[in-house]
Amino acid sequence: AVSAVPTAYTGGSGIFVIAVGCLVYLDVRRAGARRQLALAATAMSGSLGVVLRPCLLVVIVAALNNEVTTDQLFGWGVKVFLLTTFLFALVAFVTSKTPEKTGESSGVRNANVWPEFIQALRPLIPYVVVLAVTLGLYALLLAAYLDEFSAPTILPVLLLAILGYERVASVRKASALENDAVASGVASVPGSEQNSPTEKLTVKPSLMQTLQSATAEATVHIGALLLLMGTTMTIGGVIERAELMTLLPTDFGSVWMAMLTLVVILVLIGMIMDPYGAVLLVSVTIAGIAYKAGIDPVHFWMVTLVAFELGYLSPPVALNHLLTRQVVGEEEIRLSKLETEGENFWYRHEKILLPLVTMATALVIVAFGPLAWQSLG
């Protein structure tokens, strides 16, 4: 659930999986989860925040469609986020296996988890202070507040401030360790790690080296993302020029049949296209058909966003799973298969089925729930 916040700021679930997927997987595994469950959580970690403020995808939807506003979409996006989070927790709970209790996982240990939890939060306090000070300076000096419009300008400055803090913190930590080593006489021991030049270089990179490394790594990911977006926009252009969407009926007979047809089409589009390219295609072709069929514009676009994320998690492409495989490594994938030998179908394919069941259920509720409510009213 916490992963939804950085996902909203990055603007895409795939971006978040590339950046933080390995950390999510390791933390879920460290908590005692099965490998298949950890892979499912990692693939879906970036799928919950695309409907939250200030996600760029939602801003683009509002910019291309005068019928909706960002406030409307983000307002309902919070409800969709809570729904999908609840469904994921529910499915994971229902399908969970009760672990065998050992001495380390007994109730006595669990009773003392809060002091350890609070202690583990303390290193995050400086980061919260850096963020608060930076945002406060923007608000006081420039009257600029972090939202979907100012995020592209403010976020790079926030990242630079964090990198600067980490540089200062790493230098202080290295100096403290070196002083402690000298005071205790460890530094005079031949072969000591404190005397290793490579150790000092890795502990104390210059701020410029840190910025260059971060920029170089980000450039690769941004280039790959732009190439993917350009390719999917090309596919969207081909589909539009081929006039495939003109084959859709203009009169569905009922709003229920219209919604069912559009849901299937949106999921198929999400399976083969990047959301940014898909949004352009849907705005030009399908959105008008939905409006004429009597579907509320806000309702339609919330269904579209959920359908796209379901497509991202669906075979045969399943892009989020491919990205998860890349960041986790082939060895963990192999071990996950060995771990589930002899299990039933669900546990052998849990990494695929758990996200699919969660997002498919959410899509059905988001698509048909409001229609059922209107019919009852």
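This is a short walk through the model, stop by stop, with something to select at each one.

**Before you click**

You are looking at a predicted model, where local features need pLDDT of at least 70, side-chain atom pairs count only at pLDDT 80 or more, and totals for chains, interfaces and linings use all residues. Residues are numbered from 1 along each chain as its sequence is written, and side-chain values use heavy atoms, with hydrogens and water left out.

**Stop 1: the whole chain**

Start with the cartoon view of the protein chain. You will find 19 helices and zero strands; helices (H or I, at least four residues) and strands (E, at least two) are DSSP runs, numbered from the N terminus. The C-alpha trace spans about 85 × 60 × 40 Å along its principal axes.

Of the 377 residues, 39% count as buried. Here buried means under 20% relative accessible area, exposed means over 50%, and partly exposed lies in between (1.4 Å probe, protein chains only). Among contacts with a separation of 6 or more, 76% come from residues 24 or more positions apart, a contact being heavy atoms within 4.5 Å.

The chain exposes about 21000 Å², with carbon and sulfur atoms supplying 68% of it; accessible areas come from the Shrake-Rupley method with a 1.4 Å probe, and for residues only the protein chains shown count as cover.

Colouring by charge shows 22 positive and 27 negative side chains, and the centres of the two sets lie 6 Å apart. Lys and Arg count as positive and Asp and Glu as negative, while His and the chain ends are not counted. Each charge is placed at NZ of Lys, CZ of Arg, CG of Asp or CD of Glu.

**Stop 2: salt bridges**

The structure holds eight salt bridges, each a side-chain nitrogen of Lys or Arg within 4 Å of a carboxyl oxygen of Asp or Glu. Select arginine 35 and glutamate 332, whose side chains meet in one of them (2.9 Å, N to O). This pair links distant parts of the chain: arginine 35 sits in helix H3 (residues 35-44) and glutamate 332 in helix H17 (residues 330-339), 297 residues apart. Arginine 35 counts as buried because its relative accessibility is 17%.

Next, select arginine 53 and aspartate 71, where the closest N and O atoms of the salt bridge are 3.3 Å apart. Arginine 53 is in the loop between H3 and helix H4 (56-64), and aspartate 71 is in helix H5 (residues 70-94). Arginine 53 is partly exposed at 39% relative accessibility, and aspartate 71 is exposed at 52%.

Then pick glutamate 330 and arginine 325, a salt bridge with its closest N and O atoms 2.9 Å apart.

**Stop 3: a nonpolar patch**

Select Ile125, Val129, Val133, Leu137, Leu140, Leu141 and Leu142, which make a nonpolar surface patch of about 750 Å². Patches are made of residues with over 30% relative accessible area and no salt bridge; like charges are joined within 9 Å and nonpolar side chains (Val, Leu, Ile, Met, Phe, Trp, Tyr) within 5 Å. Valine 129 belongs to helix H8 (residues 125-142) and is partly exposed at 46%.

**Stop 4: proline 370**

Finish at proline 370, in helix H19 (residues 350-376). Which residues does proline 370 touch, not counting those up to four places away in sequence? They are His299 and Ile365. The C-alpha atoms of proline 370 and histidine 299 are 8.0 Å apart.
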